[in-house]
Amino acid sequence: MSDNSALELAKRLIACPSITPATGSVFDEMQDMLEPLGFEVSRFIAGDRPEDEGLGGAVENLFAIRKGAPGTRHFAFAGHLDVVPPGEGWATEPFVPEVKGDLLHGRGAVDMKGSIAAFVNALHRLPSDLGTISLIITGDEEGPARFGTVALMDLMAERGITPDLCLVGEPTSVNRLGDMMKIGRRGSVNMWITVNGMQGHVAYPHLADNPITKLGKILSEIDAIKLDEGTDWFQPSNIEFTDLSVGNPAHNVIPAKAEGRLSIRFNDQHSGDSLSALVREIVERHGGELNPIISGEPFLTPPGELSGLIAAAITEVTGVEPELSTTGGTSDARFLSKIVPVVEFGLCNATMHKLDEAVAVDDLDQLANIYALVVKRALA
């Protein structure tokens with residue numbers, strides 16, 4: 001008899017190296033876990049065309065669905081099987097899952113193969129006729145996210161599939177399982193600033209045009225911007241400079257070009273386009289050029305049915321009352337929020353993306369219990 005515990009399922013997924021963009025064996029394991037439970041599994045590759053090189057390359061995606069009776073509700077679980085590179089210096093092998101004491105070690109244990117394993121384990125406890133359940137699983141969340149969840153949403157749209165509720169299994173807990181869940185996320189936009197000048201000798205500045213001076217004025221003006229004071233659910237938006245580059249090896253040469261980069265994390269008082277326009281006006285007024293790339297817009301799922309279901313299940317299983325938060329970086333919930341109410345809840349995030357990533361074995365079991373309660377009550 002196979003062991004379908006959350007621990008053993010997590011081990012199976014961790015044992016498949018799946019650095020983003022993920023394809024192959026980890027999806028084989030996922031399919032093998034779901035088909036015996038009655039799920040129809042669809043897999044496809046996106047982003048494998050030559051012109052897509054540089055945007056992450058080939059990405060595998062998986063959509064699995066087990067349909068309930070006509071008229072029953074549809075609950076979706078979303079997650080990703082890709083992981084960030086492990087780096088050097090692990091105490092264990094990153095893709096050889098190992099239990100040491102109370103912890104399961106391995107890349108993806110927390111972010112987020114452990115959560116996916118917990119959800120699959122929860123499925124074993126639920127009746128097959130409960131309602132419609134789907135899993136939206138990508139191999140491109142840690143990377144550019146160009147060919148992952150967005151492509152899965154396109155597939156769902158083609159098939160006329162829209163969930164009623166969606167839970168994303170990102171690691172949201174902070175100090176202990178259940179202390180935080182995410183009902184929204186800030187948006188993210190990165191901007192590249194280029195200022196061209198004219199190279200010349202520093203002793204003859206009238207024969208040159210120094211782009212560093214212009215870039216300095218641009219950055220100073222941007223730095224003075226105060227975007228907002230925050231909202232009831234969001235912290236204030238912030239602008240951070242992340243790079244300056246001139247690349248001038250000579251001390252006596254005025255360079256021909258200077259470049260800067262900034263990142264803005266913003267709440268729902270703004271959009272990526274409005275912020276790009278704000279910065280563009282400053283940059284172009286000083287003779288520069290701006291190239292913004294919007295990674296995601298902010299979203300908020302106001303407290304309601306879904307967050308209430310999850311919070312009640314967390315408290316019942318762990319005794320913890322979760323904080324409803326919008327802090328942190330972006331996730332694929334930013335895409336899914338366009339079609340369905342979405343909340344994020346998962347494991348403790350203390351070791352995600354770090355050396356020796358690890359999850360408490362007991363947390364895997366408790367998370368599976370929480371997920372089972374949420375789905376059962378959502379579809380009852």
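Me: Which residue is the bridge partner of Leu62 in E6?

Reply: The bridge partner of Leu62 in E6 is Ile137. This is a predicted model, in which local features need pLDDT of at least 70, side-chain atom pairs count only at pLDDT 80 or more, and totals for chains, interfaces and linings use all residues. Residues are numbered from 1 along each chain as its sequence is written, and side-chain values use heavy atoms, with hydrogens and water left out.

Me: Why are H1 and H3 called oblique to each other?

Reply: Helix H1 (residues 6-14) and helix H3 (residues 113-123) pack at an angle of about 135°, with axes 8 Å apart. Angles under 35 degrees count as roughly parallel, over 145 as roughly antiparallel, 65 to 115 as roughly perpendicular and the rest as oblique; H1 and H3 are therefore oblique.

Me: Why is Ala380 called exposed?

Reply: Exposed means over 50% relative accessible area, buried under 20%, and partly exposed in between (1.4 Å probe, protein chains only). Ala380 has a relative accessible area of 84%, so this residue is exposed. Ala380 lies in the segment after helix H9 (361-379).

Conventions:
Helices (H or I, at least four residues) and strands (E, at least two) are DSSP runs, numbered from the N terminus. Two strands pair if DSSP finds at least two bridges between them. Axes are lines fitted to C-alpha atoms, for helices over the stretch in contact, and angles run from 0 to 180 degrees between N-to-C directions.
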